Amino acid sequence: MGLFAPWFLAGFGLLGLPIYFHLLKRHRSETQQFSSLMFFEKSTEASLKHRRLDYLLLMAMRLALLALIVLAFAQPFIWRNTAAGGPRANRVVVIDDSASMGFGDRMGNAKSEASKLLGENVKVAVFDSQLRFVTPADVPRLEAGTSRSSLGELARALRAYQESVKAPLEVHLISDLQRSSMPAGFSDLRLGGGTKLVLHTVADKTEPNWTVESVTAPARVRDGKTVKVQATIAGFHTNAASRTVILEVNGQPSGKQTVQVPASGRAKVEFNGLDLPHGFSKCAVSLQESDGLKVDDRYLFAIERSDPQRVVFLYGERSARSALYFRDALDAATAGAYVVESYSSGTPANLERAAFIVVSDTGSFDDAMLKRYVQQGGSALVVLGPANVSSGKVPILGTLVKASRYASRGAERYQTLGTADDAYAAIAKAGRWEGVHFYQSIDADPGQARILARLTDRTPILLEQKIGEGTVVVLASALDNLANDFPVQPSFVPFVEQIAHRLSGWEEASLNASVDTALDFKGGAGSKAFEAMDPDGKRALTLEESAKGAPLVLSRAGFWEVRRGAGKSQMIAANVDRRESDLELMPKESAELWQSPGTAGQQAGGQSNNESKWPLAAWVLGAAVLAGLLEALVGSRHLVQETA
């Protein structure tokens, strides 16, 4: 038995009131006529008799009434067995189809075990990172997938299902019960009230397994001969052995090396120089010697080979030096990965197929054209200067330019970087702009832009905003070595490099991710739909889903492609989560504890799998009403006797 609101038990202190009131009754003496007191002997009469409790039955009724009211407020409950005498338990057969079930014949054994449990009104489900119901006819066609199993997510899904059906469950889980599938806390394996768990394991011991654990390679290159690919080969519960590692490019072998892997250890292998065609190349590092789990013997990655990307630099009359500083810094940082084309005010600019544009201290270019370029997927760096103060607005963003703030070069009267987003690459990898002095800055209304950095006088100096499919970064100080000394500081080259990579999507050209990763490609206001293709070349999302910003879930291993505006594409290599490679089993004690009644994280609640809380407040309240009626009946009876 328990209480939902035990703090109301303090009301039992009120039980002293009926006793106190019963002791307050007045003693009444009866008057008798007598001729003389001389016939009486003088004595002292004890008053104890006057303090005795009378009407004990009435007082008991009042005490019971008050106690039952207090108990009703405390809301008592008892544990009730829902398996006995309750509704019949629904049988659910759950089959693990995660990547580790592909080891040996585990999946075949799981399907055979499931066929023995199937019958009338039996539900069948499969699980990896989520629970999915299937029909019994689908069981023979089940195969191990490429997702990671999560027993914590399975327990959560079973609790939700039990609450929806409002009936006891008898769950038969068929799995290899990997230790890596367990949640961080055992309480996360808690099952709902009335759920009985029966485990059917298809693995009797921890198996050795080798895997290509990770691959490090550049996302985009100009020349494949300079590419360096590093791979890590790992062994789980293995003896020392040599492994032959093969590098493939677009399905063709490109290199082979042999590496010695220590017992249950790791070893690195490196490949230098690749013969890459222009565009995306689908690459893989694999093990020549196969083992029981083949799905993790191959690691996918993609590399894009591209020509130098075109950057259009638009500058005003007083900003010609900015173009030179920017171009030299970009060449020094990227070794010719970008080609800068400069256009002064009044010169027609060709923005077609530009990786990004720079608009430096000018308001004479067609702002509608620039904004349209960004909305269609282009990106821009806007550098503010005196010309923007004259025009009164920030190019492309269209927000208000408030004023120009000055400081003196003498007596250290300058501003430096104050608060900043240290996770932003153009700040963090540029040494947080250490040593940069700002003598003039442009105070502009940020509008909807995100403020990335402020100067020490709180003036926003770096902002970023999504417009349509593109991105605009605003630097509120000119790059002419007059408004500041940024161009001659060591931090300027990495700043330009990171800004160029961010605006051109250099680092996003190709991406490695684990299966079941959800990627968000939602842009800013007015963004258009993107096209996502799965490894089979089919649409992974409808145009309506992508337009609404639905995330792209990498549901299986392979190469996924995302096509966006301005001709930008992205290749994503989805690989099996390498936690599936460790085939160590769940400890036997944990498995026994999980399926034992009254455990599996349910000890905090005090109930077993077959017990639930049955509230008694209504019954206690009914007893209080009955006690009140009896108290009224007994009280009226005593009142009649006293008046008689």
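Residues are numbered from 1 along each chain as its sequence is written, and side-chain values use heavy atoms, with hydrogens and water left out. Because the model is predicted, local features need pLDDT of at least 70 and side-chain atom pairs count only at pLDDT 80 or more, whereas totals for chains, interfaces and linings use all residues.

Helices (H or I, at least four residues) and strands (E, at least two) are DSSP runs, numbered from the N terminus, and two strands pair if DSSP finds at least two bridges between them. Strand 3 (residues 90–96) pairs with strand 4 in the parallel sense over five bridges, and Val94 stands opposite Ala125 in strand 4. Together with helix 3 (residues 106–117), strand 3 and strand 4 make a right-handed β-α-β unit; right-handed here means that, with the strands pointing away from the viewer, the path from the first strand over the helix to the second runs clockwise. Strand 4 is also joined by four bridges to strand 5 (residues 131–134), and these two run antiparallel, forming a hairpin with three residues between them. In strand 5, Phe133 is the bridge partner of Ala125. Four of the five residues of strand 4 (residues 123–127) are buried (under 20% relative accessible area; exposed is over 50%, partly exposed in between, with a 1.4 Å probe and protein chains only), so strand 4 is largely enclosed by the rest of the structure.

Elsewhere, eight strands form an open sheet with mixed pairing, in the order 17-16-18-19-25-24-23-21. Its edge strands, strand 17 (338–344) and strand 21 (417–420), each pair on one side only. Within this order, strand 24 (residues 460–467) and strand 25 (residues 470–475) run antiparallel and are joined by six bridges, with Gln465 standing opposite Val472 in strand 25.

A search of the whole structure finds 23 salt bridges, each being a side-chain nitrogen of Lys or Arg within 4 Å of a carboxyl oxygen of Asp or Glu. One of them links Asp128 with Arg132, the closest N and O atoms being 3.1 Å apart; Asp128 counts as buried at 7% relative accessibility, while Arg132 is partly exposed at 27%. In another, the closest N and O atoms of Arg432 and Asp422 are 2.8 Å apart. Arg432 lies in the loop between helix 8 (425–428) and strand 22 (440–444) and Asp422 in the loop between strand 21 and helix 8, so the pair ties together parts that are 10 residues apart in sequence. Finally, Glu531, Arg539, Glu561 and Arg563 are linked in a network of salt bridges.
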